Amino acid sequence: MTRAFLPSIFASDKDVTSSFQSLQKEIDRVFDEFKGMAPRFDTEIFPGIKGQITPKLDMSETDDSVEITAELPGVKEEDVDLSVSSNYLTLKGEKSASKEEKKKDYHLVERSYGSFSRVVPLSFEINPDDVKTDFSDGILKITIKKPAEVIAKSKLANQENKQAG
């Protein structure tokens with residue numbers, strides 16, 4: 001039996017050090033990738049990532065529209081920008097909050113900020129006149145009416161599926 005097949009207790013200190021360095025490099029790589037992911041709105045969880053926020057989106061589809069709900073806690077309606085280009089809906093905005101507290105023994109100032117941008121691709125060209133929004137309590141609801149030809153195609157496909165089934 002050769003030494004290569006024996007347990008690591010027979011390995012030299014140099015081999016053990018090399019193994020730990022390799023493990024440390026892999027752990028560092030995983031954490032670096034994790035830090036690159038943008039958190040939702042709670043940027044305090046990852047203090048190394050300042051100013052990056054990603055709102056949660058829920059999407060659903062009906063026969064005649066696509067509905068998107070975005071959670072935007074702490075964001076004011078005037079700080080949200082919604083734009084349409086071809087078949088892309090772009091949601092941009094900024095969140096900023098400031099708190100100042102003065103007491104006899106101390107003065108506390110806290111600030112948080114961040115910006116976001118989400119692009120939602122759809123399978124049809126969006127007519128800006130067919131986009132309706134409602135913003136209430138930090139929830140943005142977007143309803144996009146599908147074009148008539150997409151609705152007709154969808155209804156035809158549904159009828160064919162019913163006849164086949």
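**Charged pairs, a negative patch and selected loop residues**

Asp137 is found in the loop between β7 and β8, where helices (H or I, at least four residues) and strands (E, at least two) are DSSP runs numbered from the N terminus. The structure described here is a predicted model, in which local features need pLDDT of at least 70 and side-chain atom pairs count only at pLDDT 80 or more, while totals for chains, interfaces and linings use all residues. Residues are numbered from 1 along each chain as its sequence is written, and side-chain values use heavy atoms, with hydrogens and water left out.

Although Asp137 is not a glycine, its phi is positive, at about 50°. With a relative accessibility of 77%, Asp137 counts as exposed; throughout, buried means under 20% relative accessible area, exposed means over 50%, and partly exposed lies in between (1.4 Å probe, protein chains only). A positive phi, near 60°, is also found in Ser86, again a residue other than glycine. Ser86 belongs to the loop between β4 and β5 (88–102), and its relative accessibility of 37% places it among the partly exposed residues.

A search of the whole structure finds three salt bridges, each defined as a side-chain nitrogen of Lys or Arg within 4 Å of a carboxyl oxygen of Asp or Glu. In one of them, the side chains of Arg29 and Glu26 meet at 2.5 Å, N to O. Arg29 and Glu26 are three residues apart in helix α1 (residues 13–35), so that about one helical turn separates them. Arg29 is partly exposed, with a relative accessible area of 38%, and Glu26, at 39% relative accessibility, is likewise classed as partly exposed.

A further salt bridge joins the side chains of Lys146 and Glu61 (2.5 Å, N to O). Because Lys146 lies in the loop between β8 (139–145) and α2 (148–164) whereas Glu61 lies in strand β2 (residues 57–61), the pair ties together parts that are 85 residues apart in sequence. Lys146 counts as buried, at 4% relative accessibility, whereas Glu61 counts as exposed, at 57%. In the salt bridge between Glu100 and Lys102, the N to O distance is 4.0 Å, and both of these residues are exposed.

Ser65 lies in strand β3 (residues 65–71) and is buried, with a relative accessibility of 7%. Ser83, by comparison, lies in strand β4 (residues 80–85) and is partly exposed, with a relative accessible area of 30%. With neighbours within four places in sequence again left aside, Ser83 is in contact with Tyr88, Leu89 and Thr90. The C-alpha atoms of Ser83 and Val119, which are 36 residues apart along the chain, are separated by 9.5 Å.

On the surface, Glu77, Glu78, Asp79, Glu94 and Asp134 gather in a patch of negative charge. Such patches are made of residues with over 30% relative accessible area and no salt bridge, like charges being joined within 9 Å and nonpolar side chains (Val, Leu, Ile, Met, Phe, Trp, Tyr) within 5 Å.

Conventions: Areas by Shrake-Rupley, 256 points an atom, 1.4 Å probe, with all protein chains shown as cover. Lys, Arg positive; Asp, Glu negative; His and termini not counted. Charge placed at Lys NZ, Arg CZ, Asp CG, Glu CD. Contact = heavy atoms within 4.5 Å.
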